[in-house]
Amino acid sequence: MSMFMTNLLWLLNYHTLSWILQYGVFLYVAVCSGLYIILTLKAIDLYKRNIFAGRKVLLVTAHPDDECMFFSPAILELSHSNSVHILCVTTGNYYGLGTERKKEILESAKVLGIPKQNVEVFDDSCFLDDPHQAWDVRKLQQSLMAHIEQLQPDYILTFDDKGVSGHPNHIAVSQVLRQMLKESRATGPKPRLYLLETVSLARQYISFLDLPLSLLTKKLTFVSSFSNIICSQRAMYAHQTQFVWFRILHVIFSRYMVINTFVPVEL
Ligand SMILES: [Zn+2]
């Protein structure tokens, strides 16, 4: 084959690949946009309204700001027809800002439609906001058990064992809570536990473009409408002490500001 023919074939291949790539990306964005519009217009009910209506839902997190950075699509949808409560295991006092952050979570919850009497923040030196300090697991289990026995939630939402961002406190909350619920000998029906799915890093910052992959897994899925996304951003704005550049990027690009997928756990 002559040099001319080789170069021509290379050029054709390059243009073909470039064309496929460009139109492939365009098509994918168009499909995601269509899916997003259909889902947020409520044309498709993601089978959750029947199970989440008139229930008591408890969200257990590790730090003030977890509720809106990671769980706001679920909170905003559930708070319409359920009584949603938040239990935050630490005050977020790593930089000595615990007092301010307790106020911030109340303000954030208010924006998300949760009254302040439904928000509890543990302030205990046995489980501090510190990724390098091991928690007193037994003490945390006792505190969680006391709160859950008093509240009697129908559903509990929390992190999975990867903790979304991999923060050791997120992972510890999930592990301690699961262990406690499994070992619980409390009489009466146990709450149903759902864990927020941690997706790969490549999927974490593509916002609504993760929709096809999220829906394919057939997990319990919440998708925020555009107005709910704005509401989540306003809630995040309440966390003034945490509003640094990388969290601003999170607010703009994170899939968790738009989509939540949950995995049920057998207890
Ligand atoms: Zn956190």
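User: Which residues are exposed on the other side of H10? Please set the answer in the context of the chain.

Analyst: The model is a predicted one, and the residues to look for are Phe226, Ser227 and Ile230, which are exposed on the other side of H10.

Helix H10 covers residues 226–237, which makes 12 residues, and from its first C-alpha to its last it reaches 17 Å, close to the 16 Å expected at 1.5 Å a residue. Within this helix, Asn228, Ile229, Ser232, Ala235 and Met236 are buried. Viewed down the axis of H10, these buried residues fall within an arc of 115 degrees, so they line one face of the helix. As for what the buried residues of H10 pack against, the partners are helix H2 (66–70), helix H3 (72–78), helix H4 (98–111) and helix H11 (245–253).

Of the 267 residues, 37% are buried. When contacts between residues at least 6 apart in sequence are considered, 80% of them join residues at least 24 apart.

The domain assignment divides the chain into domain 1 (1–44) and domain 2 (47–265), and the centres of these two domains, taken over C-alpha atoms, are separated by 37 Å. Where they touch, seven residues of domain 1 are in contact with seven residues of domain 2, and the domain 1 side of that contact has six nonpolar residues, one polar residue and no charged residues.

The UniProt record, an unreviewed entry, places the feature "transmembrane region" at residues 20–39 and 244–263. In the model, residues 20–39 are 100% helix and 0% strand, with end C-alpha atoms lying 28 Å apart, whereas residues 244–263 are 45% helix and 25% strand, with end C-alpha atoms lying 31 Å apart.

A few single residues elsewhere in the chain show other kinds of surroundings. Threonine 158, found in strand S4 (residues 155–159), is buried, because 27 other C-beta atoms lie within 10 Å. Leaving aside neighbours within four places in sequence, threonine 158 is in contact with Val60, Val173, Ser174, Leu177 and Leu195. Threonine 158 and leucine 193 are 35 residues apart in sequence, yet their C-alpha atoms are 7.9 Å apart in space.

Glutamine 152 sits in the loop between helix H5 (137–151) and S4, and its phi is near 55 degrees, a positive value in a residue other than glycine. Glutamine 152 counts as exposed because it has 12 C-beta neighbours inside 10 Å. Serine 207, in the loop between helix H8 (201–204) and helix H9 (211–216), also has a positive phi, near 50 degrees, in a residue other than glycine. With 18 other C-beta atoms within 10 Å, serine 207 is partly exposed.

To return to the part you asked about, H10 has buried residues that line one face, while Phe226, Ser227 and Ile230 are exposed on the other side.

Note on methods. Residues are numbered from 1 along each chain as its sequence is written. This is a predicted model: local features need pLDDT of at least 70, side-chain atom pairs count only at pLDDT 80 or more; totals for chains, interfaces and linings use all residues. Domain bounds come from an automatic or database domain assignment. Two residues are in contact if their C-beta atoms, placed from the backbone, lie within 7 Å. Ala, Val, Leu, Ile, Met, Phe, Trp, Tyr, Cys and Pro count as nonpolar, Asp, Glu, Lys and Arg as charged, and the others, Gly among them, as polar. UniProt positions are given in the numbering used here, feature names are shortened, and annotations may be inferred rather than shown by experiment. Helices (H or I, at least four residues) and strands (E, at least two) are DSSP runs, numbered from the N terminus. The expected span of a helix is 1.5 Å times one less than its number of residues. A residue is buried if 20 or more other C-beta atoms lie within 10 Å of its own, exposed if 12 or fewer, and partly exposed in between; C-beta atoms are placed from the backbone. The arc is that of the directions from the helix axis to the C-beta atoms.
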